[in-house]
Amino acid sequence: MQDNLTPMMRQYREAKDSIPPDAVLLFRMGDFYEEFFEDAEVVSSTLELTLTKRQGVPMCGFPHHALDTYLPRLVAAGVKVAVAEQMEDPKFAQGIVKRQVTRVITPGTIMDNALLNPSCNNFLVSLAAAKEKRALACLDISTGEFRVTEISDGHKLCTELNRLGARECVISHRLAAELRETDGFPETRNKILWTELDNDDFDFSRAEEFLKEHFKVATLDGFGCRNLPLAVSAAGAVLRYATENLRQDAKHILKLEVYSVDHSLELDSISQRNLELVETMFGGGKSGSLLGVLDHTVTPMGGRRLRNWVLRPLCEHDAIVARLDAVEQLKLDPLTLAELRETIGVVRDLERIVGRLNIGSANPRDFQTLAVSLGVLPGVKTLLEVFDAPLLEQLNNRLELFPELSEKISQAIADEPPALLSDGGVIRPGYSQQLDELRAAATDGKGWLSQIQQREQERTGIKSLKVKFNSVFGYYIEVSKANLASVPEDYIRKQTLVNAERFITPELKELESKILGSEEKARALEYQLFQELREFALGFTGGIQNAANALADVDALLSLAECARLHHYNRPGIFEDDRLIIKGGRHPVLDAAMTGSEKFVPNDCLLDGDRNRMMLITGPNMAGKSTYIRQTALLVVMAQMGSFIPADSAEVGLVDRIFTRVGAADDLARGQSTFMVEMVETANILNHVTPKSLVILDEIGRGTSTFDGLSIAWAVAEFLHDDPGCRCRTQFATHYHELTELAQTRRGVNNYNVAVKEYGDQIIFLRQIIPGATDRSYGIHVAKLAGIPTPVIERANVILELLEKAADAPRDAIASLPRNTVKARRKKGREDESDDMIQLRLL
Ligand code: ADP
Ligand code: MG
């Protein structure tokens, strides 16, 4: 059947067979990229191009120069794209033009700068599974980062996928089938493209062989992969998939790091979103998030690093203190801080330049930027030498200099090189004598031609004699019909036109071959010199990556110091116990935003693992409860990432996980009711919390009827306080003021409320968290503020009064509940309370 195909269609089929089945093929034909069959349908609908039909075959195409516009749009839409180029000039092709797939671009294997976000990594991940265990490998082919970890807990895996912000994940058919049957694919904020590969691709020995071959090592033990077969499977599969798509080796992937998610403070995906760590909940922009306030980085690497720090605060005392020491020193020396930021600001995206250099798409300007970036390193080193904070010293030591490379590039590359090598003029005059001579020959040759024209005009006396060029027979002399009589003997006739004759001379032909030959030779030599320079630069790949890595840390630290200076942050104390004592704390985002006359009102926080385990915060709507409890979580995140914080003083006992249940995150898209979402999130907290955790609960139980909701809120609070597995630090904001009674029966629970001032029927929010309980919810006051018409407000006040009078009735009914119903709700570990008391306090 294949034989019936035209040669062109056979070529197309072959190309199609060599790419992943779910990729669309852009097939270069002359000046167009053409798509056929289903691919044409995908491309035409994604790009809104016209779909045509030829002999019943759906077709779609666009001019080749539109590739730069259309490719990003296809990839952004989550389409995998393969590009087949013409591998020879159609003019010289014998038979059908050779075509070849030169690259496959999937969301996880982008190298093109235009498609990448400078402030985010672009991770391709893979999952391998065996029994309960999962291994996750992540690869950013654009920066060269390659890591792997084993995770046993599905919840942590989901957290990690969200932290990585992965766009594409490769898994085996087997695992995909398993996920479909059981828990489903992990849910993530970004849409992930799930790419299924053969089960064999995850085979351990195959993966191990591939990695050993890639790293040119005899064993993977050096990367810490001993006894981690699952990790090796995941890592091998992901690297193989990436290099297959690139159609070349990824030589800049020089190492594989094994890491553990347990080395950082766990912020599950719900908390990442609720706390608006790197993007806002609505709109999804960086501005308005914690990162938006903290990010004063001046390089793309630094920006990516800081983002990573925000999502992965530390949980080891010494590591945090090391960062704080560095930030402190930088902050105390604002002049050097400013100078460092200015100097480092010159450095461009070294990681990605090195990536492009290695996979061959680096252009002449990349070299120039590389040289400029490396050129400032000595200055950075000198500036850093002022400091003796161990972390800064360490980073400075890791900052290698590359004088030979920067010198070589400055010598070789012209001042303002063109973007494309093929444009010529890339290599600086004076770098290669041979190139200079060829270039001179080409230009001089042109000068000689005009000399010849002048000389011949004089010799023959023909004023209109011209030396001209065409592609058919090169340089020639043209003489008009009227002057033919004066043509000398030694001219050789080549062509007769209506009004003129064209001649050549041996001298002209000799010059011609010199000029044309030297232009071509110059281009070839330039190409060769460029490749040599590239080869030379490749030798520095690892060193530049290390320097870029150190610079990323330095930039992130500078950013934290700059932010601390700008917003008057202070250094938090870090402790191993369970205290969380904050004086005059401010919400970092609101604090930075409220620069006008209205200032953010600072508040304190008092928590420890003992008598102050749970802060129960009541108060009217709009008083500032939600802001306050989020603020607590954000301050802990900042402190543990090594940042100064907006507070007069703070003592932070290390937190292992932060859990939040904040606001009504209605997930209509997932088709779950608000209340279901709320309960799922709450269940997640109760099932995973540890005594070192910080739990932030906002309005639990709001999504159902009052009694249901109150009972749930009550039981959750008790569980967090009493259960020996929890006993964590908790801030609980609630509009159920009945809950304040918990403080009387639980020694770790304390009541707080948000101060308001009443002026007649007006209320003023003071935004101050003060000890004590509220007994009113002020809902009607808020309704009035919101503009509810006066008759409605008056009627509501009357109804409220009636309800409050009748409020005792249900209590009586519940007090007569049988004793064991209440007991059944209780967990082990209750401390200071008789059963009767509980029963009485329950409502
Ligand atoms: P609640 O959860 O009690 O209903 P919110 O925390 O949503 O109240 O706060 C309501 C508004 O009050 C916020 O949008 C914020 O602008 C303002 N606010 C909250 N806390 C403070 C504060 N400490 N200082 C100044 N303004 C605040
Ligand atoms: Mg609220």
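Leaving aside neighbours within four places in sequence, which residues is Gly 619 in contact with? In this predicted model, the partners of Gly 619 are Lys 625, Thr 734 and Thr 774. Gly 619 sits in the loop that joins strand 21 (614–618) to helix 22 (625–641). Its relative accessible area is 6%. Gly 619 therefore counts as buried, the cut-off being under 20%.

Gly 624 is found in the loop between strand 21 and helix 22. Its relative accessible area is 22%. Gly 624 is therefore partly exposed, a class that lies between 20% and 50%. Both glycines carry a database label. An unreviewed UniProt entry annotates Gly 619, Pro 620, Asn 621, Met 622, Ala 623, Gly 624, Lys 625 and Ser 626 as "binding site".

The protein is divided into domains 1 to 6. Domain 1 covers 2–105, and domain 2 covers 114–263. Domain 3 is assigned as two segments, 295–402 and 540–566. Domain 4 spans 433–530. Domain 5 runs over 573–782, and domain 6 over 789–842. The C-alpha centres of domain 1 and domain 3 are separated by 42 Å.

Arg 661 belongs to strand 23, which comprises residues 657–661. With a relative accessible area of 2%, Arg 661 is buried, because this value is under 20%. Its contacts, apart from neighbours within four places in sequence, include the acidic residues Glu 678, Glu 681 and Asp 698. Arg 661 also contacts Asn 274, Thr 682, Ile 685, Ile 696, Leu 697 and Ile 700.

Helix 7 comprises 18 residues, 229–246. Its first and last C-alpha atoms are 26 Å apart, close to the 26 Å expected at 1.5 Å a residue. Helix 7 is mostly covered, with 16 of its 18 residues buried. Arg 247 follows helix 7 and has a positive phi, near 60°.

Helix 20 contains 27 residues, 541–567. At 1.5 Å a residue, helix 20 should span 39 Å; the end C-alpha atoms lie 38 Å apart, so the span agrees with expectation. Helix 20 is also mostly covered: 21 of its 27 residues are buried.

How values were computed. Residues numbered from 1 in each chain as written. Chains lettered and ligands numbered in written order. Predicted model: local features only at pLDDT ≥ 70, side-chain atom pairs only at ≥ 80, totals over all residues. Heavy atoms only, no water. Helix = DSSP H or I, 4+ residues; strand = E, 2+ residues; numbered from the N terminus. Expected span 1.5 Å × (residues − 1). Buried < 20%, exposed > 50% of the residue type's maximum accessible area, 1.4 Å probe, protein only. Contact = heavy atoms within 4.5 Å. Domains from an automatic or database assignment. UniProt positions renumbered as here; feature names shortened; annotations may be inferred.
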